[in-house]
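These are my notebook entries on a structure that is new to me. I set down what I looked up, one topic at a time.

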Amino acid sequence: MKSAREPERLRILLRRRAIERRVRQMGRQITSDFRGERLHLIGVLKGASIFLSDLVREIGLEVSLDFIAVASYGQSTRSSGQVRLTKDLDNSIEGLHTILVEDILDTGRTINYLQRVIQQRRPRSLRVATLLSKAGPRVKEVRPDYVGFEIPNEFVVGYGLDYAERYRNLRDICVLQLRGEAKPRPRRIHR
């Protein structure tokens with residue numbers, strides 16, 4: 001029996017091996033940039049959790065961790081345009097070299113908001129590491145210090161990124177095409 005609705009479709013954009021390689025390179029770069037210093041990494045929940053856990057193991061320095069959570073998407077593929085803090089830091093970051101670790105940079109609203117919140121806590125330095133940076137215009141100007149991959153302006157899931165809390169466990173990063181959406185044109189991305 002055929003279903004009246006087409007299922008959601010996934011198209012692999014970045015394979016697991018490419019992600020592993022790039023995270024390793026980012027860890028080495030961070031280690032080099034902060035040679036001999038202690039680092040404090042702040043993961044943005046929930047999406048950055050897998051990226052953060054892989055990245056921290058590639059950093060050859062003393063590292064402490066904390067988490068912060070915000071909401072801006074809900075159950076949609078588009079940001080609501082409003083960012084709200086849903087979980088604050090557990091510890092003081094005053095005087096610490098701090099890296100905000102995010103899964104994806106899209107409009108810039110979330111990272112811009114979090115940079116302002118974190119700067120008020122007086123870290124010694126603040127940098128941003130994002131696994132993915134989407135092509136396209138930003139609502140807020142944000143320049144991350146460490147970028148894993150530049151990707152097309154498409155909705156992606158996997159490796160921690162979700163759609164309505166689904167697909168986080170995929171090892172690859174995939175473009176999600178929802179039921180009823182036009183089939184996207186294939187695009188090549190340099191890895």
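I take helices (H or I, at least four residues) and strands (E, at least two) as DSSP runs, numbered from the N terminus. I note that this is a predicted model, in which local features need pLDDT of at least 70, side-chain atom pairs count only at pLDDT 80 or more, and totals for chains, interfaces and linings use all residues. Residues are numbered from 1 along each chain as its sequence is written, and side-chain values use heavy atoms, with hydrogens and water left out.

Entry on the whole chain. I looked up the secondary structure and found three helices and nine strands. Along the sequence, I read the pattern β-α-β-α-β-β-β-α-β-β-β-β. Of the 191 residues, 47% count as buried, where buried means under 20% relative accessible area, exposed over 50%, and partly exposed in between (1.4 Å probe, protein chains only). I then turned to contacts, that is, heavy atoms within 4.5 Å. Among those between residues at least 6 apart in sequence, 69% join residues at least 24 apart.

Entry on Thr31. I located Thr31 in helix α1. Its side chain reaches the backbone oxygen of Gly27 at 2.8 Å. For a polar contact, a pair of N or O atoms must lie within 3.5 Å; within protein, one must be able to donate a hydrogen and the other to accept it, and residues adjacent in sequence count only if both atoms are side-chain atoms. Leaving aside neighbours within four places in sequence, I find Thr31 in contact with Glu58, Ile59, Gly60 and Leu61.

Entry on α1 and α2. At what angle do α1 and α2 pack? I find about 60° between helix α1 (residues 16–33) and helix α2 (residues 49–56), with their axes 9 Å apart. Axes here are lines fitted to C-alpha atoms, for helices over the stretch in contact, and angles run from 0 to 180 degrees between N-to-C directions. The two helices are therefore oblique to each other; angles under 35 degrees count as roughly parallel, over 145 as roughly antiparallel, 65 to 115 as roughly perpendicular and the rest as oblique. On the side of α1, the contact is made by Val23, Met26, Gly27 and Ile30, and on the side of α2 by Phe51, Asp54 and Leu55. I sorted these residues into five nonpolar, one polar and one charged. In this sorting, Ala, Val, Leu, Ile, Met, Phe, Trp, Tyr, Cys and Pro count as nonpolar, Asp, Glu, Lys and Arg as charged, and the others, Gly among them, as polar.

Entry on α3. In helix α3 (residues 109–119), I list Thr110, Ile111, Asn112, Leu114, Val117 and Ile118 as buried. The buried residues of α3 pack against β2 (39–45), β3 (63–71), β5 (97–105) and β6 (125–134). Gln119 also lies in α3, and I record Gln119 as partly exposed, with a relative accessible area of 45%. The C-alpha atoms of Gln119 and Thr98 are separated by 9.9 Å, the two residues being 21 apart along the chain.

Entry on the backbone. I found a cis peptide bond joining Leu45 and Lys46, with omega about -5°. Lys46 is in the loop between β2 and α2.

In the loop between β8 (156–157) and β9 (173–177), I looked up Ala164. Ala164 has a positive phi of about 50° although it is not a glycine. Is Ala164 buried or partly exposed? Ala164 counts as partly exposed, at 21% relative accessibility. Tyr167 is in the loop between β8 and β9, and its phi is near 80°, a positive value in a residue other than glycine. I record Tyr167 as buried, with a relative accessible area of 15%.
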